[in-house]
Amino acid sequence: MEAAAEPQGGVLSRDQLSALGVGHRFIAAQVGAGRWKAHGRQTIAVHTGSLDDVAFRWRAIWEVGSSIARLDGVSALQHDGLTGYSESRVWVSVLHSHTVRPPDGVVIRKVRRRVADESTAAGIPRARPDIAAIRGATWAVSDRQAALILVMAVQQRLTTGERLVEASIKVRRRARRAFIHRVALDIADGAHSLGELDFAGLCRTYGIPEPTRQVVRYGPKGRVYLDAAWEDIGWAVEIDGAHHFWGLTPTDDSFRQNEIMLSDEKLLRMTLVGLRLEETRFMDQVARAHARAGRRAA
């Protein structure tokens, strides 16, 4: 039994035990003798220790109903390898027509419909990463947490920005529909999104003189393009899309920023997603930088 239960964190469902030829009386005897432990009506641990994360997720599926439940949101992402995101509860989705009572530590979210081929083919029943990320962002407590889920899913290579965009269209939901689609586009194609953002327009909105866009500077490796700059006061702004976080790009960006600073030009940086989330906060920094440089120039 231990070998069969090992991939599932040491737990088996009563249906699985039955398929292995283990009847209710034997299960009751093992539990009564203190060799096994029941964790609900359907979940049997073939040990008496605490459940690990994998076992806890299997328990959630079986206790809710393996025919109707899917591991979803951040729990599905964690099962596929997401790290660095703190969430101890298990998130499970069911169709809106089902009425279920969640076990302890399990969050039930009802979905209006399943997306075609949304579930993975092997292992615990769960939504595939792109669908899970969109639903996780929808169920997040804030826009900031929603964006974090989307960014982390792509940064950790569980899915791609392009798949997020497709999933943001396919997954029916009400909460944050426009915001999630916009962030997915930012992650998938930061350069295109930055063009649509119109940073110069933001400056006009916040009463900041309009900068020059795509300013050329020259470094050791040739031309360097800055997103926006006020050449009269020596300040520039860079808005980093998702592609700035892949491979050696952060290192190249650091060298580029160093060269700019060594030339006595000052630089403010912000991620594109960060600007979506904290537009007012960042534009306040831009305004203060411009005003301070203006006073020194005077």
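Buried means under 20% relative accessible area, exposed means over 50%, and partly exposed lies in between (1.4 Å probe, protein chains only). Helices (H or I, at least four residues) and strands (E, at least two) are DSSP runs, numbered from the N terminus.

Residues are numbered from 1 along each chain as its sequence is written. Because the model is predicted, local features need pLDDT of at least 70 and side-chain atom pairs count only at pLDDT 80 or more, while totals for chains, interfaces and linings use all residues; side-chain values use heavy atoms, with hydrogens and water left out.

Helix α7 covers residues 143–155, and helix α9 covers residues 177–188. Their axes come within 10 Å and cross at roughly 35°. Axes are lines fitted to C-alpha atoms, for helices over the stretch in contact, and angles run from 0 to 180 degrees between N-to-C directions. The crossing of α7 and α9 is right-handed, that is, the near helix is turned clockwise from the far one by less than a right angle. On the α7 side, the contact (heavy atoms within 4.5 Å) is made by D143, A146, A147, L150, V151 and V154. On the α9 side, F179, I180, V183 and I187 take part. Nine of these residues are nonpolar, none is polar and one is charged. Ala, Val, Leu, Ile, Met, Phe, Trp, Tyr, Cys and Pro count as nonpolar, Asp, Glu, Lys and Arg as charged, and the others, Gly among them, as polar.

Leaving aside neighbours within four places in sequence, L150 is in contact with A133, I134, A137, L164, I180, V183 and I187. Helix α6 (residues 129–139) is mostly covered, with 11 of its 11 residues buried. Among them are I134, R135 and W139. The cover over α6 includes α5 (73–79), β5 (90–95), β6 (106–111), α7, α8 (161–170) and α9.

Three strands form an open sheet in the order β4-β5-β6, with mixed pairing. Two strands pair if DSSP finds at least two bridges between them. Strands β4 (70–71) and β6 stand at the edges with a single partner each, so one side of each has no neighbour in the sheet. Two bridges join β4 and β5 in the antiparallel sense. R70 stands opposite S93 in β5. Strands β5 and β6 run parallel and are joined by six bridges. W91 has V107 of β6 as its bridge partner. Five of the six residues of β5 are buried, so this strand is largely enclosed by the rest of the structure. Helix α4 (residues 53–64) lies across β4, β5 and β6, at about 25° to β5.

I44 sits in strand β3 (residues 43–45). Its relative accessibility is 0%, so I44 counts as buried.
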